[in-house]
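I opened a new page for this structure.

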Amino acid sequence: MPSVAVLLSVGRHPASGRARRAPLDARALEMAFSLPNAAVHAIHAGNPDEPALRDYLGMGMERLTVLSIPRDGDPVPALTAHLEQLSPDMVLCGSRAEGGEDSGMVPYLIAHALGYAMVADIAAVSASAATATLTQALPRGRRRLIETGLPVVATVNTAAPAPRQSSFGRARRGVIDILAADAPPDTLADQCEIRPWRPRPKRMRLAAAASAADRLKAMTETRSGEGAVMIQPSPEEAARAIYAYLVEKRIIGDGS
Amino acid sequence: MTGKRRDPRAERQARLIAGGERKRFALGAVPQPAGRPRRDPRSLRRAATVPGGVRPRIDWHGGARMAARPGPDARPQSQPEIRITADPAFLVLAVADHPGGALSEHDRETIGAARSLADAGGGAVAVLTSGTVEGLAEAGADRVLSVPAGHIGDYDPEARTAAVLAAIDLLKPRHVLFPESAEGGADLARRVAALSGERLFGGVASLSADAASRRMRGGAMEMAAAPPRLMSIAENAFAAHDGVRHEARALDAPAFAPVRRIGTVTPLAIEAGTLSLADADFILSGGNGVTDWAAFAELGRVLGATLGGSRVVCDEGHLPRDRQVGASGSLVTARCYLAFGIAGAPQHLQGITEVRHVVAINTDLHAEMIKRADLAIIADAQAVMPALVAHAKERRDA
Ligand SMILES: Cc1cc2nc3c(=O)[nH]c(=O)nc-3n(C[C@H](O)[C@H](O)[C@H](O)COP(=O)(O)OP(=O)(O)OC[C@H]3O[C@@H](n4cnc5c(N)ncnc54)[C@H](O)[C@@H]3O)c2cc1C
């Protein structure tokens, strides 16, 4: 029976700015539920009175542990100390928070402090007694199967299954266990200027053409292809030509 | 008594300012010579006028000068210019992802960002790669550290981390830049930051010699500070280096010893059928010219392509709405687009502007899709699809 710790943060709705469950962390929790007979420990470091935490309880947990730290505290030491005691087989969390600095460093710092293996961007997981098999999601739908010993820290990607709805009754009934914890204040924010994000114009890849007329043409005209044309070939001829072209451009591997 | 007669002309002439192509008179108070040189709109305009042509044509973007230059064929084919920074004031290390052994666009942008930092203070750009990678000189690298092929596996973030840390130890760079990419750059940057105990400034969206900024709080805010040592560069935020080749002198890569905790890694086959169109690499697309949808689906399975279609077929319900390619559907970035029976309406072609290779099968020689295609076949889609299925199966069994 693997024990899985899930690190949960409080998200921020992109339009309204209201606190909500962080979508990636909710996926991590969903992934932990998908492991057969795993003991799931949900942990949050922050303000225990935050109402958005109840959204996680509504996904079907009885308890949620909150390490109570001040608002501008660094959560990593508190989480590391707690996880060291708990010594889970697996630590899951979203790959990026969305309410604070959003650096994505927390899992890496924890993995480094505890000496766990670290795998990023997973979409699926299965675990046996001593090893975990993680499916890592890459761009363009590529996937990689990673076998690693336990314990492991893994971050969950948007390619993972969507989280279940939060049910109101369960959210009300769930219990939040509050543990006091130390957190050194994070000083980076004081050294930085923080201001609202101003959208910047998108950078366009301008064609390096000789004249303005040529540049306008390059921007607006539909590109025409190389233009190899076969007129009324037999279907077999056409099939051979298409297949050869796909193999030549390395779109498909040649079977033989 | 008659006073001396005034000569307004002579007075005016006395106030003529010498030089300049137009006559200018300093009437009233004589302007103090300002620190800035006076702007001369006329000469600017003359410089921007494209030579030749019947009507005057003005190009404010420097195109006139380019047009005036002899064309590439006329230029003497001597050695291309190479910029050499022999004794840099400091180094900026850029770590390239180079998926599949070639620099990605994001890698070039990262090296471009490193270039801007280095050029601002007389520094040089060093690029860390694994195995030999082409095109580093054009991308703007002054030094290249390439770890011999074989020391770092295909997916081996722990060894890459150790290599980066060893390179930092060796070069003592002022800044280290990573691409903030899902190909591994974002992961690597965080591993290096965790191991070296330094703060990472992740996803930098704007950068100059004295300020770097990145988004935070779910993208609502932005934090800015003097550029720290470790930074990862957001995609599409910087221009790649474009211009003079740099030296790309090879340095000896340092030795390193990774701590390995991750076990075996196996790449999985792509499940093309379940991919979203925006993610797909190879798309088989059908239009109004396709009637045999069973053969179409079979062809997609055999070739391992993601299915897409024009708006007409989605309207008719042959394919679900999320399979529509075009202006009101998905803009696709696939490498190859295989189009059966699509006319190539502008709204459809807008969806495939980024596609590299287009193959079109259509009965109409004058269809727009045929013009866009790299390989065009004038034939009946219903005949070609089963033939292609049979041919692919035959080749695979052979
Ligand atoms: C506001 C707006 C937005 C739109 N957005 C989109 C969009 O996002 N995506 C999109 O696709 N369309 C879009 N459209 C529709 C678009 O204008 C075209 O109507 C549509 O793309 C045409 O689809 P088609 O090429 O499949 O069909 P058709 O125009 O009917 O073309 C069928 C083609 O198949 C060929 N053909 C016929 N029989 C055969 C055969 N047996 N074998 C081979 N070839 C054959 C014909 O020669 C013809 O070239 C939009 C239109 C509007 C007004």
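These are my entries, in the order in which I looked things up.

**Entry: the model**

I note at the outset that this is a predicted model.

**Entry: chain A**

I began with the secondary structure. Chain A has eight helices and 13 strands. Next I checked its extent. The C-alpha atoms of chain A fill a box of roughly 75 × 50 × 40 Å along the principal axes. I then looked up the radius of gyration. Chain A comes out at 25 Å, whereas a compact globule of 256 residues would be near 18 Å.

I turned to the domains. The assignment gives chain A domain 1 (3-190) and domain 2 (198-256). The C-alpha centres of these two domains of chain A are separated by 44 Å. For burial, I read that 43% of the 256 residues in chain A are buried.

**Entry: chain B**

Chain B holds twelve helices and 21 strands. Of the 398 residues of chain B, 45% count as buried.

The domain assignment of chain B lists domain 1 (82-251) and domain 2 (272-397). I find 39 Å between the C-alpha centres of domain 1 and domain 2 of chain B.

**Entry: the ligand shell**

I asked which residues are closest to the ligand. They are Ser310(B), Ser328(B), Ala343(B), His348(B) and Asp380(B), in a surrounding set of 25 residues. The shell divides into eight nonpolar, 14 polar and three charged residues. I also looked for helices that take part. In chain B, α9 (311-316), α10 (346-349) and α12 (381-397) each supply at least two residues of the shell.

**Entry: polar pairs at the ligand**

I listed three side chains here. Asp380(B) has a side-chain N or O atom 2.6 Å from a nitrogen atom of the ligand. Asn362(B) places a polar side-chain atom 2.7 Å from an oxygen atom of the ligand. For Gln324(B), an N or O atom of the side chain is 2.9 Å from a ligand oxygen atom. I then checked the cover. The ligand taken alone exposes 980 Å², and the protein buries 70% of that.

I stayed with Gln324(B). It sits in the loop between α9 and β19 (336-340) of chain B. Is Gln324(B) buried or exposed? Its relative accessibility is 4%, and buried means under 20%, so Gln324(B) counts as buried. The side chain of Gln324(B) also makes a polar contact with the side chain of Arg321(B), at 2.7 Å.

**Entry: two buried sites in chain B**

First, Ala159(B). This residue is in helix α6 (residues 157-171) of chain B. At 0% relative accessibility, Ala159(B) counts as buried. Arg260(B) is 101 residues away from Ala159(B) in sequence, yet their C-alpha atoms are separated by 7.6 Å.

Then His175(B). I found it in strand β9 (residues 175-179) of chain B. A polar atom of the His175(B) side chain lies 2.9 Å from the backbone oxygen of Pro228(B).

**Entry: backbone exceptions**

Most residues other than glycine have a negative phi, and most peptide bonds are trans.

- Leu150(A) and Pro151(A) are joined by a cis peptide bond, with omega about -5°. Pro151(A) is in the loop between β9 (143-149) and β10 (152-156) of chain A.
- Ser87(A) is not a glycine but has a positive phi of about 35°. It lies in the loop between α3 (75-86) and β6 (90-94) of chain A. With a relative accessible area of 47%, Ser87(A) is partly exposed.
- His98(B) is not a glycine either, and its phi is positive at about 30°. Its place is the loop between β6 (91-95) and α4 (105-121) of chain B. At a relative accessible area of 10%, His98(B) is buried.

Terms used
Residues are numbered from 1 along each chain as its sequence is written. Chains are lettered from A and ligands numbered from 1 in the order in which they are written. This is a predicted model: local features need pLDDT of at least 70, side-chain atom pairs count only at pLDDT 80 or more; totals for chains, interfaces and linings use all residues. Side-chain values use heavy atoms; hydrogens and water are left out. A residue is near a molecule or strand if one of its heavy atoms lies within 4 Å of it. A polar contact is a pair of N or O atoms within 3.5 Å; within protein, one must be able to donate a hydrogen and the other to accept it, and residues adjacent in sequence count only if both atoms are side-chain atoms. Accessible areas come from the Shrake-Rupley method with a 1.4 Å probe; for residues, only the protein chains shown count as cover. Helices (H or I, at least four residues) and strands (E, at least two) are DSSP runs, numbered from the N terminus. Ala, Val, Leu, Ile, Met, Phe, Trp, Tyr, Cys and Pro count as nonpolar, Asp, Glu, Lys and Arg as charged, and the others, Gly among them, as polar. Domain bounds come from an automatic or database domain assignment. The radius of gyration is taken over C-alpha atoms; the globule rule is 2.2 Å times the number of residues to the power 0.38. Buried means under 20% relative accessible area, exposed over 50%, partly exposed in between (1.4 Å probe, protein chains only).
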